[in-house]
Amino acid sequence: MSYPTVRLRDLSSQPRYMTYWERVKHTKIHLFTELVAEMLGVFLYVYAGVGSTAAFVVGGLTSQPIGSLFTVGVAYSIGIVLAVTICGASSACHFHPGVTISFAVFRDFPIRKAALYILAQIFGAYLACLVIYVQWKDLILVAEAVLVEKGIYDTMMFSPSGPGGIFALYVLPGTNLLRVLLNEFMTDFVIGLAMCACLNPTNHMIPPAAAPWVIGFTYGVAVWGYSPTSVAANTARDVGARMMAMSIWGLRAAGGPYAAISALTNIPATILAFLLYDTFLSSSSRTLTPQHVAFLRANKMYHEENDLVPPGYLAALGPHEDTTSSRSFDEKPINTIMGVDAGNV
């Protein structure tokens, strides 16, 4: 069953300044718009997860049961859902340097654009952690005072259970870093496989609307099962948060040798997940799901109408044949849509 194409501007008119802004957004600064979306997506993911971590850590230090490992996992899961559903349509929906690099390696994603994406992602994490610190500062200072009073500030402050650990990730002294590396790699590899499965348009088990939830709760599994050993899972979240912690507390918050494991391990793990999925679990002979066809056609139409892609983009989907809505930005909205008076809705 086919449906007429109805754009948002068909339903109601826009202010003149917004019509002008859309012309600019779709032509002169479209890359900047994508970078803002990548930054904001990581901001939302980190804001949700690290905010819940603040409740867990501060509550533990001040003997107030206001958080748990379960709430942290759920918060990260919902944060990823928010990132994808709010910002995904305005960028390539990476929100993860490992994914961006994997796309550059396996999907011909432009190298320069990939570098800008990664910088935007790290800045989003930095900004989110800075905002969270300001919101939680009074209680963080209380938690620090508790550590000073007990005489354990130097050993606990920059540990998984200390105030510094709300933002930057740490391991306890004496922890076997090889096991930490294995824990990080395997967890990130599984997350990468989940993302590949969600990106596969022939996967009938995961329609586009379900993908944010599958990825989100895969992150939840990582938090619930493997974060006690320490899991970063995302270079942007790790590097941006550690830079923010160092902005507040200086080099003491750097994290030592473990910082390299937490910042970099997820990248080769994600690349390996893409390689394994493409090699053994994907097939170009499978057919796209109806939901993915509709999703990709809408994507194709948007990009072609705004001259954001070269001719032949997603050519296998065929030309757009619907002519019920081909008006320009300057035309007035139609009065009725599918027999419904728009003025009475």
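**Helix pair and pocket**

Me: Is the crossing of H4 and H9 left-handed or right-handed?
Reply: Helices here are DSSP runs (H or I, at least four residues), numbered from the N terminus. A near helix turned from the far one by less than a right angle is left-handed if anticlockwise, right-handed if clockwise. The crossing of H4 and H9 is right-handed. This is a predicted model, with local features at pLDDT of at least 70, side-chain atom pairs at 80 or more, and totals for chains, interfaces and linings over all residues. Residues are numbered from 1 along each chain; side-chain values use heavy atoms, without hydrogens or water.

Me: How are H4 and H9 oriented to each other?
Reply: Axes are fitted to C-alpha atoms over the stretch in contact, with angles of 0 to 180 degrees between N-to-C directions. H4 and H9 pack at about 155°, axes 8 Å apart. Over 145 degrees counts as roughly antiparallel. H4 and H9 are therefore roughly antiparallel.

Me: How many charged residues are in the contact of H4 with H9?
Reply: Contact means heavy atoms within 4.5 Å. In H4, Phe 70, Tyr 76 and Ile 80 are among the residues that meet H9, whose side includes Trp 213, Phe 217 and Trp 224. By class, the contact has 16 nonpolar and five polar residues, and the number charged is none.

Me: Which helix supplies the largest share of the lining of the second largest pocket?
Reply: H3 (30–61), H4 (69–87) and H9 (211–226) each supply at least two lining residues of the second largest pocket. The largest share, four residues, comes from H3.

Methods. Parallel < 35°, antiparallel > 145°, perpendicular 65-115°, else oblique. Nonpolar A, V, L, I, M, F, W, Y, C, P; charged D, E, K, R; others polar.
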